[in-house]
Amino acid sequence: MNAKMKLFSYNSANTPIHRLSGLTKLICFLFLTFAVMYSYDIRVILAVMLFSILLMRVAMIRFSQIRVMVIYVLIFIITNAVISFFFSPEFGTTIYGTKNEFARLFGISLTYEQLFYQVTKMFKYASVIPLGMIFLLTTNPSEFASSLNGIGVNYKAAYAVALTLRYFPDIQRDYRDIYLAQQARGLELSSKAKFIDRFKNSLLIVIPLIFSTLDRIEVISNAMDLRGFSKSKTRTWYTSRRFSRQDVIAVVISALIFIATILVSIFINQSRFYNPFI
Amino acid sequence: MKPQPIIEFTNFTFKYFTQAEPTLHDINLKIYAGEKILIVGPSGSGKSTLGYCLNGLIPFSYRGEIQGSLKIKGMETRNLNIFNLSKMIGTVLQDSDGQFVGLTVGEDIAFALENDNVARDSMRQRVQEVSRMVDMESWLSSSPFELSGGQKQRTSLAGVMIDDVEILLFDEPLANLDPATGKTAIEIIDDIHKQSGKTIVIIEHRLEDVLHCDVDRVIVINDGRITADMDAHTLVASPILLETGIREPLYVTALKYAGVAITPQMCAGHIETLKTEFSRAALQNWHEHIPAPDVRGNRPSILKMENVAFSYDGNRPVLQNINFDIQEGEMISIVGKNGAGKSTLSKLLCGFEKEDSGRILYRGVDIREKSIKERAEIIGLVMQNPNQMISKPLIYDEVALGLRLRLVSEEEIKLRVEKVLKICGLAPFIDWPISALSYGQKKRVTIASILVLDPQILILDEPTAGQDFRHYTEIMEFLVEINKLGVTVILITHDMHLMLEYTPRAIVLAGGKLIADTSAAVVLTDPRVIREANLKETSLFALSQMAGIEDGTHFVQRFIDYERRLKNR
């Protein structure tokens with residue numbers, strides 16, 4: 001936990017994935033995400049997930065880099081699963097048309113259909129993590145901005161996103177410095193303090209953080225104005241890359257996966273769901 | 001007939017909408033193509049505002065009311081916008097970190113071209129050309145974190161030169177640079193001026209450092225008015241600097257101490273041009289007659305580091321084999337270039353990080369087991385940027401915060417806060433909101449909020465960064481007062497004047513090792529230490545050599561002693 005702590009930060013390496021243009025990666029990311037979001041076929045989802053984990057290997061992303069993110073997403077997925085179970089415990093049977101009960105809980109029947117449905121859904125969400133992580137960690141923020149701009153996002157908005165990503169490590173460092181300095185003044189943020197106190201105390205860090213970040217923003221926005229940012233409707237990008245053969249191949253592969261997913265739904269499952277119960 | 005000026009202010013007045021009084025009054029100034037101009041003035045004098053008027057940030061980003069006329073290349077600026085202006089005037093801002101827009105050197109240099117929709121290939125070619133002009137062509141794919149301060153400056157310079165501007169404006173180019181890098185920066189500017197013949201305008205308050213290279217004219221601004229427009233030799237011979245509150249070059253101070261009256265004929269604008277035949281005898285005589293100061297008896301040790309080593313990642317050492325012993329009541333500076341380990345050292349002292357090996361002793365007792373909170377009651381740390389510490393809207397609450405978090409009773413808090421505000425000269429402002437204070441006053445508030453915890457040792461990170469001479473003196477004299485009350489003061493700095501004037505002893509770090517622990521006079525005259533720690537030899541040393549005084553270090557030490565006696569410290 002120190003200067004090396006880099007959540008969401010681009011790490012430069014020379015792998016086939018890093019060599020792809022940012023726009024390619026964004027398009028591939030969108031294709032694959034749509035594929036898993038569309039399909040409720042666990043076979044397809046697992047295949048895409050395995051494929052993207054493989055890609056993570058290729059991109060030399062280590063688990064330690066994404067651990068924090070994984071934990072957050074897992075918490076989200078589990079909460080989501082529990083809540084959706086209590087809201088509609090019968091949803092699985094409605095979808096699959098059968099009812100195989102294996103236990104009862106507080107008078108609610110637990111069915112294999114519901115279990116299968118929820119497991120599928122969990123994998124569906126989980127499979128987006130490696131995809132997103134590959135995109136974020138292998139695309140440098142400027143290229144990220146240029147690729148957003150490439151798919152039609154206004155370049156000012158794209159640049160704002162890139163700057164946010166870019167300054168994230170700096171702001172994290174500020175946060176840590178401020179946190180330590182306030183701790184020296186006697187601030188207690190551990191679980192020993194009451195919740196309301198912890199909330200009030202965290203303001204003692206957030207306020208200085210906001211003010212020092214505003215200082216930073218004023219400097220950078222002046223620097224950008226002085227060099228002509230936002231004077232015309234479009235801009236070019238120094239970091240943009242020419243589309244290479246690899247880019248075409250990558251886009252084609254992910255497009256094929258997307259189409260295959262749809263074809264599986266239409267011709268094999270005859271719906272978005274894969275039904276092993278009939 | 002004189003040529004047409006490239007910049008011409010005529011009866012120019014400017015008032016920010018947010019302020020009641022104009023910041024610039026009736027400015028009349030002509031600058032001709034190819035000139036190199038230095039604009040000096042204390043904080044709040046309006047010198048930065050003048051710069052903003054030139055580059056178009058006024059009225060583009062900072063709104064206000066303009067009267068009179070400002071013409072650049074014969075065009076009235078109020079009819080231009082910031083983008084037209086940026087094609088004529090390139091601005092290098094003071095914070096070379098903050099203005100690094102791109103993620104790599106190449107990208108940053110290309111930024112202006114990107115905004116002009118230049119196609120990728122011609123952009124790459126142009127970036128190559130310009131980077132060659134500033135010697136950065138082999139760094140194009142490096143990120144700012146891999147660059148030294150000087151390289152960042154070169155990159156910023158290339159980023160504005162790419163537009164082929166005719167005027168280069170430098171807004172406090174020396175702020176945030178260590179002495180050696182600052183010297184290089186001034187040399188780079190000079191090279192560019194000589195090679196390209198561009199018009200150069202430098203806004204700075206560190207006069208001596210800019211005068212390391214020639215300038216054509218120096219413009220002095222005070223209270224929004226131009227109070228002088230003359231060459232450097234005439235300026236240092238006049239009383240204007242003193243009246244305006246700008247620090248005169250140190251060698252000039254020494255000459256005055258020696259009883260020499262400075263005249264324009266002495267060419268005292270730069271140490272290199274100074275004619276010493278007027279003053280050699282006086283300097284020698286003065287040097288010999290300064291009595292040595294009383295030697296201070298040994299006092300008990302208050303803070304000691306023994307063989308301390310530390311690394312963030314377990315293999316790349318940030319600090320190794322650090323040994324020193326600070327005595328009670330000392331005022332000491334820790335110097336070294338960026339990345340030398342100064343901040344890490346202060347973090348170890350405050351317990352923010354734990355040493356990997358070695359011991360830190362407070363009055364002979366190892367403090368390894370003390371928590372951050374407990375250590376804060378012995379060792380207080382004041383961060384460089386007051387905005388990083390201030391978290392309450394009212395001064396009283398901000399200073400009381402540390403005590404409230406320690407559950408001290410409100411009556412006691414009141415007593416202690418009032419006392420500390422009195423010491424810090426903030427008593428009249430006790431009910432004020434912090435937002436109404438100046439930067440220097442905010443700095444005092446942060447010092448007060450640490451002092452209220454009654455620490456025995458106070459560590460300040462760059463206490464005078466970005467301060468002009470008056471505020472610098474104010475803050476430092478205040479710290480001397482605190483020091484007299486018995487608080488040991490440790491200053492982390494790369495301000496050489498500060499070291500020379502206020503701390504008899506300096507610890508020098510370079511590459512994570514302690515390379516010197518000796519008197520400031522030695523540090524600033526020892527070529528090895530100067531080189532390794534990115535410092536700069538003090539001009540007093542050069543002066544002593546020119547005056548034929550053999551032991552330059554001794555001369556510098558005598559100067560310090562004399563000054564201390566003069567100011568009764």
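## Helix crossing in chain A

The crossing of α4(A) and α7(A) is right-handed (the near helix is turned clockwise from the far one by less than a right angle). Helix α4 spans residues 63–87 of chain A and helix α7 residues 128–138 of chain A; their axes come within 11 Å and cross at roughly 140°. That makes α4(A) oblique to α7(A), a class left after angles under 35 degrees (roughly parallel), over 145 (roughly antiparallel) and 65 to 115 (roughly perpendicular).

From α4(A), the contact involves Q65(A), I66(A), M69(A), V70(A) and V73(A), and from α7(A), I129(A), M133(A) and L137(A); contact requires C-beta atoms, placed from the backbone, within 7 Å. Seven of these residues are nonpolar, one is polar and none is charged.

## Basis of the model

The model is predicted: local features need pLDDT of at least 70, side-chain atom pairs count only at pLDDT 80 or more, and totals for chains, interfaces and linings use all residues. Residues are numbered from 1 along each chain as its sequence is written, with chains lettered from A and ligands numbered from 1 in the order in which they are written.

## Interface of chains A and B

In chain A, 43 residues are in contact with 48 residues of chain B. On the chain A side, α10(A) gives the most, with 14 residues. By class, that side has 19 nonpolar, 13 polar and eleven charged residues.

## Chain B

Chain B contains 23 helices and 20 strands, where helices are DSSP runs (H or I) of at least four residues and strands (E) of at least two. Its C-alpha atoms fill a box of roughly 75 × 55 × 50 Å along the principal axes.

Conventions
Axes are lines fitted to C-alpha atoms, for helices over the stretch in contact, and angles run from 0 to 180 degrees between N-to-C directions. Two residues are in contact if their C-beta atoms, placed from the backbone, lie within 7 Å. Ala, Val, Leu, Ile, Met, Phe, Trp, Tyr, Cys and Pro count as nonpolar, Asp, Glu, Lys and Arg as charged, and the others, Gly among them, as polar.
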